[in-house]
Amino acid sequence: MTTKTEYRGDVAETYEALIEHPDQDSQRVAVFIDGAIKRIGHVVMIANLILIAAIVSQVVLRYALNLNFPKLDELQWHLYGIVTMFGVSYALVTDSHVRVDVLHMQLSRRAQRVVEMLGLIFLLSPFIYLMIDQGYDYFYSSFRLNEGSSSATGLPWLWAFKAVIPISFVLLGLAALARLIHDGHALLQNRADEREGRSVLLVVSVFTVMMAIAFALSFTVETTEEMMVMGMFMTFIGLLFTGFPVAWTLAGTGMLFGFAAWAFDNDLMLWTGLESTFTGLDYLTMGAVVNRVYATMSNAVLVALPMFIFMGLMLDESGVAERLMTAMTRLFGTVRGGLAITVTLIGIVLAASTGIVGASVVLLGVLSLPTMLQNKYSKTLATGTIAASGTLGILIPPSIMLVIMADQMALSVGDLFMAAMVPGVLLGTLYLGYIFIVAQLNREAAPVPEGAVRPDWAAVKEVLLAVVPPLGLILAVLGSIFAGITTPTEASGVGAIGATLLAVLYRKLTFTKLWNVCKATFNSTAYIFAIFLGATVFSFVLRELGGDEFIEHLIGSTGFGANGTIIFILFICFLLGFFLDWIEITLIVLPLMGPVVVGLGLDIPGFGALDDPALIWFVILVAVTLQTSFLTPPVGFSLFYLKGVCPPEVKLTDIYKGVVPFVLLQILCLAMVFVWPALTTWLPSVAY
């Protein structure tokens, strides 16, 4: 057997070792790669703490000492770019990417490995090759010029920052190689337990159906480009159901259709009977994706993402929710439905202070579900309340979804935060009203807990002591943005350090918890950024194929009028929410709809202060619509977050039934925002 010492030789010796002992030694290579990437990730993730320090230092220097250091601005997005780009390979090694697993869960482990290997080879590998090759040229051009900051007072080593692109994709390539080795080794072993489940024919059948639909729809369009746009969307949806990560499905679909466009441009597809195209897509033009990736990793607005994620995760570790639950349960203990009302109120507070849906749903489920079931609450009401209340964080600011929407639609993050405040609070109020009414009409669904004691002033004091710290943090973050004191990025850093101080205040902060928060922030930021990368390729090819014009023409030809067109778009987003996560819809669909909405000439009140009131109103409408995507099966993430912490007697069907009324309330809130646009535009206008 080959020993570890033999791997300390040169490449040739390693190759010979692999030939002699393919199983054991290939696994060792894969394990070595995994370990190396994880160690690199553990070092890089510390940059998030440096990023917090840089943001807070900038705020302190500006307001306390009246000093300004432009280098700190650039350092922030440099750190963000490094963390996100190196995090992508870490997320692949730890299998942290988002996938549509409706069918994937039914497959045998062997079939899942086959899907992953095919995806890595045919979808991810071409993208990795493009980014390494073109990314190196991009870096080398900058290196030859010794490129520095465009600002005289900025950082001098911009070329070194651009080197992150090819280096990070080399790491991603190694991570993909390790996955291939692991999967190939497992397939060769052919273990019996890995054959339990459905075969790969299940996803092949679904993909075939999608392609058949795309073929049928192709007869409704006139040009080859339009047919390719339609085929691109259907291929993407079909590949999603294989369970391969969404990020690399987007990237791979973009690469496949980029190659197809080149083939049509060069008369290589005449045998299909279709006309040739003039898209101009080839390997060199696809290299423009590198510049777009650089623009994303150097985007100062997106620096707020890891900070808000860190803030939310740290607040969950700080014990804020536990204190709130204890205090509010005592306050509302004698109110019929009091436990459900308490969960909703805590959900609103967590939403305005964390914005992390998964963490909020799990935390609320762990804290409240056993107590609610013990007090004989209806399973459907209990689970529906927890799932719906936990998802409020995606709408009530500070929301990472609104940060991404602002970036995609070129809107102010602060404007969107203010525009979402009233709809978010309105939705929470609708939840509270529904719970109160149900508790009065159906007393068995939400009985008063046995032994409940009427609240006294001590209970009120306990609630105030529990609520004031998180409310103070919310005021510091949102208040500083609304007052124009800090940018959203600066406020996110202040929120991150504030959440850490709360954890220290409550004596909950340990090195282990800090490390876990850093790791979870690193992973979450990485998989979101990976979807950014995939969407960059997908949207680039889609636009080169004329997808913008095609979709604008398609929607415009419905003849629904301005309001009817908005309803039609929202209906599409609602349906897509059954199958896609909000990130894909935000990155792919929302930018395509923006020009359509602007062209409608909607008369939305801006109160003389807003430049794009119609666009702000539309984005909030989409945000409220996407709120439903967390609760609608089969891809409602909140449903599965909650199911993971439910006791065995609570079935998934109980959760499905429980969320139905809350989805209807979300649609009611959407209708109210649609009918009264001032619910979204009044507050931003007042700020001016």
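Helices here are DSSP runs of H or I with at least four residues, strands are E runs of at least two, and both are numbered from the N terminus. What you have open is a predicted model, in which local features need pLDDT of at least 70 and side-chain atom pairs count only at pLDDT 80 or more, while totals for chains, interfaces and linings use all residues. Residues are numbered from 1 along each chain as its sequence is written, and side-chain values use heavy atoms, with hydrogens and water left out.

**Stop 1: α18 and α26**

Two packed helices are described by the angle between their axes and the distance between the axes. For α18 (residues 400–409) and α26 (residues 613–627), the angle is about 140° and the axes are 11 Å apart. Axes are lines fitted to C-alpha atoms, for helices over the stretch in contact, and angles run from 0 to 180 degrees between N-to-C directions. That angle makes α18 oblique to α26; under 35 degrees counts as roughly parallel, over 145 as roughly antiparallel, 65 to 115 as roughly perpendicular, and the rest as oblique.

Now show side chains. M401, L402, M405 and M409 of α18 meet L615, V619, I620, V622, A623 and L626 of α26 (contact means heavy atoms within 4.5 Å). This contact has 10 nonpolar, no polar and no charged residues. Ala, Val, Leu, Ile, Met, Phe, Trp, Tyr, Cys and Pro count as nonpolar, Asp, Glu, Lys and Arg as charged, and the others, Gly among them, as polar.

**Stop 2**

Select P397 and P398, which are joined by a cis peptide bond with omega of about 5°. P398 sits in the loop between α17 (379–390) and α18.

**Stop 3: α19 and α29**

Next, pick α19 (residues 413–441) and α29 (residues 678–687), whose axes come within 7 Å and cross at roughly 135°. That makes α19 oblique to α29, and their crossing is right-handed. Residues of α19 including D415, M418 and L426 meet residues of α29, among them L679, T680 and A687. The contact divides into 10 nonpolar, 1 polar and 1 charged residues.

**Stop 4: α14 and α15**

Move to α14 (residues 320–331) and α15 (residues 338–351), where the axes come within 10 Å and cross at roughly 145°. Here α14 passes α15 in a right-handed crossing. By class, this contact has 10 nonpolar, 2 polar and no charged residues.

**Stop 5: the largest pocket**

Which residues lie nearest the centre of the largest pocket? Select F233, I551, L554, I572 and L576, which belong to a lining of 23 residues. The elements giving two or more residues to this lining are α9 (224–240), α23 (547–556), α24 (561–576) and α25 (582–598). By class, the lining has 22 nonpolar, no polar and 1 charged residues.

**Last stop: N66**

Finally, select N66, in the loop between α3 (47–64) and α4 (70–93). N66 is a residue other than glycine with a positive phi, near 55°.

Key: A crossing is left-handed if the near helix is turned anticlockwise from the far one by less than a right angle, and right-handed if clockwise. On a 1 Å grid over the protein atoms alone, a cavity is a set of points where a 1.4 Å probe fits but cannot get out, and a pocket is an open set with protein on both sides within 12 Å along at least five of seven lines; lining residues have an atom within 4 Å of a point.
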